[in-house]
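Welcome, and please open your viewer with the selection panel at hand. We will go from stop to stop, selecting residues and looking at what surrounds them.

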Amino acid sequence: MYGEFFDTKRQEEMRNSFLKIAQRGSIKKYKKNSIIKMPDKKCIVIVLSGNIKQSIYSVNGEEKILYLLQGGEIFKEMDYFCGGESSLVTKALEDSKISILDEETLEQILLENPNVYRDIIHSITRKFRILMFQMANMAFSDSLGKVADTLVRLYYQEGQDIENGKKINEKFTHEEIAKLIGCSRVTVTRALNKFKDENILEINNGEIIIRDIENLEKFIKWK
């Protein structure tokens with residue numbers, strides 16, 4: 001299902017395009033677990049390396065992770081074109097480096113290479129789909145389906161095929177998966193243990209490898 005919506009080749013083209021223009025921005029480094037605060041001006045930010053998450057929080061401090069960004073992906077693009085300031089908290093999951101393209105620099109890049117517009121639209125559309133799928137999963141899936149759906153989607157978003165299965169490139173704790181799904185860590189642990197017992201996946205030091213994606217997809221309750 002997700003293969004139709006997350007074209008891995010197109011995603012890689014988008015990331016390479018952004019990395020090419022990133023050298024014209026202001027480079028900043030952030031340590032693991034540090035909050036990334038942006039200047040109060042129009043800009044687009046390109047992730048050069050590391051892993052970055054963007055989350056929303058309830059008034060009680062509960063976190064819901066919306067996006068996980070790797071090298072070549074961008075953020076603040078919707079704020080740039082639509083105005084306003086998204087109430088997202090941006091945090092480095094590991095030591096990370098970003099490039100900030102201010103308005104003047106970005107507009108010059110867009111004049112020189114209008115194809116960059118296509119990559120920005122692709123990024124916005126991709127994020128819309130991620131949110132849409134998260135909403136459907138939360139609304140229609142049971143606990144096993146929520147975990148299965150999220151793992152399958154993460155593979156299509158940023159995974160790769162390896163000899164013994166399908167690898168999700170980023171490492172996740174059970175707590176992080178729970179915040180992606182919007183459920184408890186205990187629920188995630190139970191689901192992952194079931195999938196491991198049935199040889200559907202394996203987890204080594206946070207690295208998830210899906211061995212049987214067809215069986216994993218059978219737990220998904222919506223299409």
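What follows is a short tour by residue number.

Some ground rules come before the stops. This is a predicted model, in which local features need pLDDT of at least 70, side-chain atom pairs count only at pLDDT 80 or more, and totals for chains, interfaces and linings use all residues. Residues are numbered from 1 along each chain as its sequence is written, and side-chain values use heavy atoms, with hydrogens and water left out.

**Stop one: the cysteines.** How many disulfides does a search of the whole structure find? The answer is zero, a disulfide being a pair of cysteine sulfur atoms within 2.5 Å. For Cys43, the nearest cysteine sulfur belongs to Cys82 and is 15 Å away. Cys43 is buried at 1% relative accessible area, while Cys183 is partly exposed at 24%. Here buried means under 20% relative accessible area, exposed over 50%, and partly exposed in between (1.4 Å probe, protein chains only).

**Stop two: Asp79.** Move on to helix H2, residues 77-82, where Asp79 sits. Helices (H or I, at least four residues) and strands (E, at least two) are DSSP runs, numbered from the N terminus. Is Asp79 buried or exposed? With a relative accessible area of 13%, Asp79 is buried. Leaving aside residues up to four places away in sequence, Asp79 touches Gly84, Glu85 and Ser86; contact means heavy atoms within 4.5 Å.

**Stop three: Glu202.** Now select Glu202, in strand S10 (residues 201-204). Which side chains does the side chain of Glu202 meet in polar contacts? One is the side chain of Asn204, at 3.0 Å, and another is that of Arg211, at 2.3 Å. A polar contact is a pair of N or O atoms within 3.5 Å; within protein, one must be able to donate a hydrogen and the other to accept it, and residues adjacent in sequence count only if both atoms are side-chain atoms. Not counting residues up to four places away in sequence, Glu202 also touches several residues, including Asn164 and Ile209.

**Stop four: two asparagines.** Finish at Asn33, in the loop between strand S1 (26-30) and strand S2 (43-49). Asn33, also not a glycine, has a positive phi of about 75 degrees, and Asn33 is partly exposed at 48%.
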